[in-house]
Amino acid sequence: MTATHPAPAACSVPAVRPAPAACSVPAVLPAPGASSAPVVLPAQDPLPPGAPSLPVQGTVLSLRDALALPSLAGARLVAGERGAGRAIRVVNIMEVPDIVRWMRGGEFLLTTAYPVRDDAEALTRLVPVLARRGLTGLGVKVGPYLPALPPALLDVCEEVNFPLVELPGDAMFNDILSEVLGTVLNRQALALERSRAIHERFTAVALGGGSYQELMNVLLELTGLAAAVRDEQGLVLASAGAPATERPPAAVRPVRHGAGPGGTVGLWAEPGHTPDPYQLVALEHATTIAATLAAQERALAVRAQRYRALLLTELVSHTPRDRAETLRRAAAMGWNLGVPRAAVLVETDDTREPGTPGGAELGTEERLLPLVRHAAGEGAIVWGGGSGLTLLVEPGASLDARCHALHAALTAARPGRRVVVAAGTVRADFTEFAESYAEAAETLSLGREVHGDDFVAGYEGLGVYRLLGRLPAEELRRLTHEALAPLLAYDEAHDGSLVDTLSAYLLHDRNKVATAARLHVHYNTLRYRLRQIDRLTGGLDRHPLSRLQTELAVHARRLLAARARG
């Protein structure tokens, strides 16, 4: 190609239509008749295991970089220097005046100005349109069709920051096409190869069961920058290269897995230093592997939680069928079943819904366990459910003191929280833990009936309820009916609440003021109800045995109500 005739169509490489076979310009082979061979970047091996860091060379070819190639020797950037960092995607030759419709962005457009030789201002009008299209720059060969670049052209290129390159008259478009495209493709191939090598290094960490620490060691090795992985609270899980975590990282990526955000991975550089593209690629891969490790850890935790909950459910649901097998499984979990323990149930008013030991939820346990760990004792076995915590605790000096310590730990963490703690009796043999659990469940249910939604109670403190609890439900209903039949009949006929009033009156040791407050009624209303009760029963104090039977009947009715709620 010379300056005395237009760029032949056979040499063009349009951006939107396939070049004819005769026009293809291989990225790594010399173009026929070219005055110089294209520059092919030297092949680089994948990162060896001991490689200290990644190269700094960019993955794209900017216009400024291209001007250093041999085929563009003598070319000058005469305007739009601020845009010279734009990346070149492809090189094209201007064959027709309406070239814009063929442009897609990223092109370095070459021209001899032959297509617009009859319009001196055509190129000046074209530049803003090319800039809006996202072209990288315009290279104009000075020669017979355009002896010199018009000042107006230079001005508009400066105005829109569009690079304008003046090409010498002996510049060969064929050489420029081949060399620039070859460099672009070779850089892309190198980037892919380096990315593959990085991916393989990090994949090896994941497949080898590596830890966060190993992952950070590899990230430091590949980037030469200090690295750290943090959890969602910002706590450092692992680091390498002594990162200055008191200041923000130079680059950071979020770790995401199925359960949601899982922390971050960051790179720390010297102030003012920005990580290069390869270092960012390594960071992206490390973040992906960190997300994989986080998902694996959570899956293992959930699996262990389910296995643990299954064994605990067996312990508190029934007498183990195989004593030796139960001891073996417990030992694998690190539990000592050879010491006396009592079952303790803990519920708070901010748990979601009732649950069972088998329906353990990691969230409940994670939220409440740190609060009660110390109060529960070093050897406590704890698991969580939707309704709170279930514990098998060693009684220590006093089971009652341990239960109050659990209550205090939870209320101290959030003042105003309503907490119930119910304990069964201490059992020396693990085959009797199920009985202690049943006692704790009964204490919890009955405690809500007697004390409300904030209390500490033990089965041994149930008093008369322990005796009544040994009676079958039918016997309890018979006792209730015989002693309270007149009051039950009145309440049913008049939609009254005499039985509830009597229950509260006896619960508060016949203190009328306290009973009225408990029932939220006026003092005179309570006095009227008590007169009604005396009239229907013949008087609570008419006979000691009758009085005892009435009180037992009230307690029996309360126990039946607690059992009905489960």
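**Ground rules.** I number residues from 1 along each chain as its sequence is written, and I work with heavy atoms for side-chain values, leaving out hydrogens and water. Because the model is predicted, local features need pLDDT of at least 70 and side-chain atom pairs count only at pLDDT 80 or more, while totals for chains, interfaces and linings use all residues.

**Whole protein.** I looked up the secondary structure and found 16 helices and 14 strands (DSSP runs numbered from the N terminus: H or I of at least four residues for helices, E of at least two for strands). Of the 566 residues, 46% are buried (buried is under 20% relative accessible area, exposed over 50%, partly exposed in between, with a 1.4 Å probe and protein chains only). I also checked contacts (heavy atoms within 4.5 Å): among those with a separation of 6 or more, 69% join residues 24 or more positions apart.

**Glu439.** I found Glu439 in helix 10, residues 433–451. Its relative accessible area is 11%, so I list Glu439 as buried. Beyond its neighbours within four places in sequence, Glu439 touches Gly424, Thr425, Arg427 and Tyr459.

**Glu81.** My next stop was the loop between strand 1 (76–79) and strand 2 (90–93), where Glu81 sits. Glu81 counts as exposed because its relative accessibility is 53%.
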